[in-house]
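Have a look at this protein.

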Amino acid sequence: MFKYEIDDSSYLSLLEVKDAETLYKLINRNRDHIGEWLKFPSLTLEENDSKSFIERTRIRYAKEEGYWLGIWSELQ
């Protein structure tokens, strides 16, 4: 798995299917703001849409056609 440490509490990593719920909730809470610049919030209507997105990005990564990374922070 790809993981790039930013500092002691933050890192970048490939999205995994288990992240679908977290990703969906993040998009849903910030839909209007993110939607000002990106199209995908209008296409993300349920958690399964996030799951499908992650599955597609994993396939693209495996084919060396690009990737999306999550920014993770362990700060409380």
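Q: What share of the 76 residues in the protein is made up of buried residues?
A: The share is 24%. The model is a predicted one. A residue goes into the buried group if its relative accessible area is under 20%.

Q: Which elements does the protein have, and how do they run from the N terminus on?
A: There are 4 helices and 3 strands. Their order is β-β-α-α-α-α-β. The C-alpha trace spans about 35 × 35 × 25 Å along its principal axes.

Q: Why is Ser10 called buried?
A: Its relative accessible area is 12%. The cut-off for buried is under 20%. Ser10 has a value below that limit, so Ser10 counts as buried. Ser10 sits in strand 2, residues 10-14. Setting aside residues up to four places away in sequence, Ser10 touches Glu5, Trp72 and Ser73.

Q: What makes Gly70 buried?
A: Gly70 has 8% relative accessibility. Buried means under 20%, so Gly70 qualifies. Gly70 belongs to strand 3. Beyond its neighbours within four places in sequence, Gly70 is in contact with Tyr11, Leu12, Ser13 and Leu15.

Q: How far apart are Gly70 and Leu38 in sequence and in space?
A: They are 32 residues apart in sequence. In space they are 16 Å apart, C-alpha to C-alpha.

Q: Why does Glu64 count as exposed?
A: Its relative accessibility is 75%. Exposed means over 50%, so Glu64 is exposed. Glu64 lies in the loop between helix 4 and strand 3.

Q: What is the phi of Glu64?
A: It is positive, about 60 degrees, although Glu64 is not a glycine.

Q: Which residues form the largest nonpolar core?
A: There are 5: Leu15, Ala20, Leu23, Ile27 and Ile54. Helix 1, residues 20-29, gives the most to this core, with 3 residues. In soluble globular proteins, nonpolar side chains tend to be buried together.

Q: What does Ile27 touch, not counting residues up to four places away in sequence?
A: Ile27 touches Ile34, Phe40, Pro41, Thr44 and Ser50.

Q: How many aromatic pairs does the structure hold?
A: It holds 4. One of them joins Phe40 and Phe53.

Q: Why is the pair of Phe40 and Phe53 called stacked?
A: The ring centres are 6.3 Å apart, and the planes are at 15 degrees. Pairing needs centres within 6.5 Å, and stacked needs planes under 30 degrees apart.

Q: What makes the pair of Tyr61 and Tyr67 edge-to-face?
A: The centres of these rings are 6.1 Å apart, with the planes at 90 degrees.

Q: Why do Phe40 and Tyr61 count as partly exposed?
A: Phe40 has 25% relative accessibility. Tyr61 has 36%. Partly exposed lies between the limits for buried, under 20%, and exposed, over 50%. Both values fall there, so both residues are partly exposed.

Q: Which residues do ring pairs link into a cluster?
A: They link Phe40, Phe53 and Trp68.

Terms used:
Residues are numbered from 1 along each chain as its sequence is written. This is a predicted model: local features need pLDDT of at least 70, side-chain atom pairs count only at pLDDT 80 or more; totals for chains, interfaces and linings use all residues. Side-chain values use heavy atoms; hydrogens and water are left out. A nonpolar core is a set of buried Ala, Val, Leu, Ile, Met, Phe, Trp, Tyr and Cys residues joined through side-chain atoms within 4.5 Å. Buried means under 20% relative accessible area, exposed over 50%, partly exposed in between (1.4 Å probe, protein chains only). Helices (H or I, at least four residues) and strands (E, at least two) are DSSP runs, numbered from the N terminus. Contact means heavy atoms within 4.5 Å. Rings of Phe, Tyr and Trp (its six-membered ring) pair if their centres lie within 6.5 Å; planes under 30 degrees apart count as stacked, over 60 as edge-to-face and the rest as tilted.
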